[in-house]
Amino acid sequence: MTRLSGTGMTLAYDKRVIAEDLSVEIPDGSFTVIIGPNACGKSTLLRALSRLLKPTTGTVLLDGRDVHSQPTRTVAKTLGLLPQSSTAPDGITVAELVARGRYPHQSILRRWSAEDERVVEESMESTGVADLADRNVDELSGGQRQRVWLAMALAQQTPLLLLDEPTTYLDIAHQIEVLDLCAELHERQGRTLVAVLHDLNHAARYATHLIAMRSGRVARSGQPGDVLTAELVEEVFGLPCRVIDDPETGTPLVVPAARRRTGDLSTNARI
Amino acid sequence: MTLVEVRRNPVGIRPRAVVVGVTAVVATVVVSVFSLGTGDFPIAPADVVATLFGAGNPAHEFIINELRLPRLIVAILVGAALAAGGAVFQSLVRNPLGSPDMLGVTNGASTAALVVVILGGSDLQLSVAAIAGGMAATLLIQLIAGRALHGFRFILVGVGMAAILTGISGYLLTRGQQMENARALLWLTGSLDGRSWTQAVPLLVVLGAVLPFLVLACGPGLRILEMGDDAASALGVPVSLLRNGALLAAALLVSFGAAAAGPVAFVALIAPHLAKRLTRAPGPNLLPSIAVGALLLSGADFIAQHALDDRALPVGVVTGLVGGAYLVWLLTTERRAGRI
Ligand SMILES: Nc1ncnc2c1ncn2[C@@H]1O[C@H](COP(=O)(O)OP(=O)(O)OP(=O)(O)O)[C@@H](O)[C@H]1O
Ligand SMILES: [Mg+2]
């Protein structure tokens with residue numbers, strides 16, 4: 001039994017069913033990466049796991065109990081979520097936004113403390129936004145903003161952290177930086193991370209557990225080396241490709257097949 | 001470093017917001033002293049202060065404590081109530097124009113009050129009807145807009161509700177006799193004439209309960225809620241509980257405010273707006289809004305009572321003129337700055 005799992009979930013918005021009989025288990029201490037085409041239900045799954053969307057049937061268990069039966073503040077101290085998109089309030093500074101990650105640790109009686117201060121400081125350092133601390137969030141670039149939101153999620157200091165596309169908007173160097181940071185959190189602090197990523201090669205490189213989704217179902221899950229095959233990519237994304245060894249890490253590297261030129265129909269797309 | 005620490009504190013308040021709030025409170029006190037001292041029987045500021053502290057002569061005591069003070073207190077409290085209600089509404093629907101006067105809450109109070117006027121009811125009945133009408137309109141909007149209470153849907157339903165209620169009010173006015181219509185029109189404009197401790201005491205009680213609830217219990221959550229429902233839930237904000245609680249509390253404030261002084265124009269819209277502009281802080285800015293609202297209405301009533309030599313204006317005329325002018329000024333500057 002892992003700390004976070006969903007069993008037999010039907011996920012729907014109003015009457016529109018996105019997933020049926022969906023079950024996932026997030027291995028403890030893993031860096032789980034979810035991949036899948038647009039609109040296959042990745043964000044919906046994360047929302048269900050983080051009790052933002054109540055499954056019409058089935059349950060999400062967090063630490064052995066239905067996540068919906070637990071006080072929302074208790075959940076917020078255990079399970080963090082970085083949504084795919086959030087709005088920064090007008091006129092808020094970077095430090096103020098990151099500090100909001102401390103909300104679940106505060107109450108009317110227990111307000112701001114030196115500990116909160118330290119955690120906010122650290123979260124900004126590790127995401128490289130400490131220099132921006134007093135800038136307004138709405139004056140930042142998309143990539144800077146993304147790192148600020150990540151810092152806020154880190155400041156929540158939850159043992160489980162769900163990240164919906166944390167690398168969107170980032171340039172390649174910052175993508176790697178954020179993923180390295182995630183790997184570090186996972187390795188050094190033993191946090192369980194779940195991230196939705198669109199870059200399959202990053203997924204293969206960083207994930208310890210990979211979940212491939214297609215139209216509301218889990219197509220396959222397990223070790224990246226076992227999951228990420230040319231057949232799976234073709235099945236899930238409909239993309240002909242080759243999978244070779246990443247020369248840096250030996251993990252799978254997905255190389256999309258070259259575009260067929262007209263009159264070149266004899267080439268086998270699957271190679 | 002201390003400054004940065006304060007600014008970094010999400011439950012703390014920015015120094016600038018403190019300055020704005022304190023300035024508004026001090027200004028309200030100054031306005032109050034002048035307001036209490038001005039009238040057919042002028043009283044010097046020093047005597048006003050002495051009388052307030054219980055050291056005045058009997059004549060001053062009667063004029064201030066029995067005649068002028070209750071009206072001033074009603075002005076301050078209604079201003080505070082409308083501003084707090086407006087700030088919560090604007091924050092909940094995430095729209096700076098989403099004030100209770102635009103969304104049908106105030107119209108609910110007006111329509112119910114009109115019915116009482118047409119039926120020739122007493123002032124007490126009128127107040128009770130206004131409160132019931134405002135609350136009923138809020139609940140109805142919430143019911144129609146659905147559980148999700150999405151900002152946009154709430155606005156559409158609210159604007160529709162306001163239009164329907166305005167139509168009904170118009171119809172009621174065509175049915176009224178001349179006497180009743182004069183009373184109705186005065187009430188609809190918003191007036192503090194003849195307000196006494198009868199209006200001030202219930203307001204004090206309601207504000208004493210609701211304002212601390214809003215500021216302490218809802219304030220921190222409302223600030224987080226501005227980041228979106230998902231982000232707020234993820235941080236442990238009980239989103240629907242908070243929304244419903246804050247909405248009902250805000251509607252209660254607005255309804256009681258309208259019951260005591262009529263649907264005074266623009267205060268609920270302008271006060272939170274002005275407070276936000278001055279503090280430049282994110283969040284509903286509840287405390288600065290409350291202070292600005294109190295200043296606006298007590299100041300407007302001072303002007304209303306003494307601007308014209310021969311007779312007093314209803315306070316709603318002044319807030320309407322001032323509020324409208326502020327909006328026009330805002331729209332032109334924002335336009336020049338390319339923000340709209
Ligand atoms: N709030 C909502 N209301 C109604 N339908 C929704 C809502 N959010 C998502 N959907 C629908 O649910 C389906 C799955 O969406 P979801 O956001 O989970 O996809 P995703 O896998 O995260 O896609 P992407 O890679 O584009 O982020 C889509 O068809 C989408 O239109
Ligand atoms: Mg998504």
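Two strands count as paired here if DSSP finds at least two bridges between them, and strands 9 and 10 of chain A meet that with five bridges in the antiparallel sense. Strands (E, at least two residues) and helices (H or I, at least four) are DSSP runs numbered from the N terminus. Welcome to a predicted model, in which local features need pLDDT of at least 70, side-chain atom pairs count only at pLDDT 80 or more, and totals for chains, interfaces and linings use all residues. Residues are numbered from 1 along each chain as its sequence is written, chains are lettered from A and ligands numbered from 1 in the order in which they are written, and side-chain values use heavy atoms, with hydrogens and water left out.

**The six-stranded sheet**

- This open sheet has mixed pairing and the strand order 6-7-8-3-9-10 in chain A.
- Strand 6 (79-82) and strand 10 (217-222) of chain A each have a single partner strand, so these edge strands are left with one side that has no neighbour in the sheet.
- On average, neighbouring strands of this sheet are turned by 15° against each other, direction ignored.
- Strand 3 (residues 31-35) and strand 8 (residues 192-196) of chain A run parallel, paired over four bridges, and Ile34(A) stands opposite Val196(A) of strand 8.
- Strands 9 and 10 of chain A form a hairpin with two residues between them, where Ser215(A) in the turn has a positive phi of about 30°.

- Two bridges link strand 4 (residues 57-62) to strand 5 of chain A in the antiparallel sense, and Leu62(A) has Arg65(A) of strand 5 as its bridge partner.

**Helices across the sheets**

Angles run from 0 to 180 degrees between N-to-C directions, with axes as lines fitted to C-alpha atoms, for helices over the stretch in contact; contact means heavy atoms within 4.5 Å.

- Helix 5 (residues 142-155) of chain A lies across strands 6 and 7 of chain A, at about 170° to strand 6.

**A further hairpin**

- Strand 11 (residues 241-245) and strand 12 (residues 252-256) of chain A run antiparallel, joined by five bridges.
- Asp245(A) has Pro252(A) of strand 12 as its bridge partner.
- Six residues lie between these two strands, and in this hairpin Gly250(A) takes a positive phi near 80°.

**Around ligand 1**

- Of the 14 residues around ligand 1, Asn38(A), Ala39(A), Lys42(A), Ser43(A) and Thr44(A) come nearest; a residue is near if one of its heavy atoms lies within 4 Å.
- A polar side-chain atom of Arg16(A) lies 3.1 Å from an oxygen atom of ligand 1.
- A polar backbone atom of Cys40(A) is 3.3 Å from an oxygen atom of ligand 1.
- Helix 1 of chain A gives the most to the shell around ligand 1, with three residues.

Key. Polar contact = N/O pair within 3.5 Å; in protein donor to acceptor, adjacent residues only side chain to side chain.
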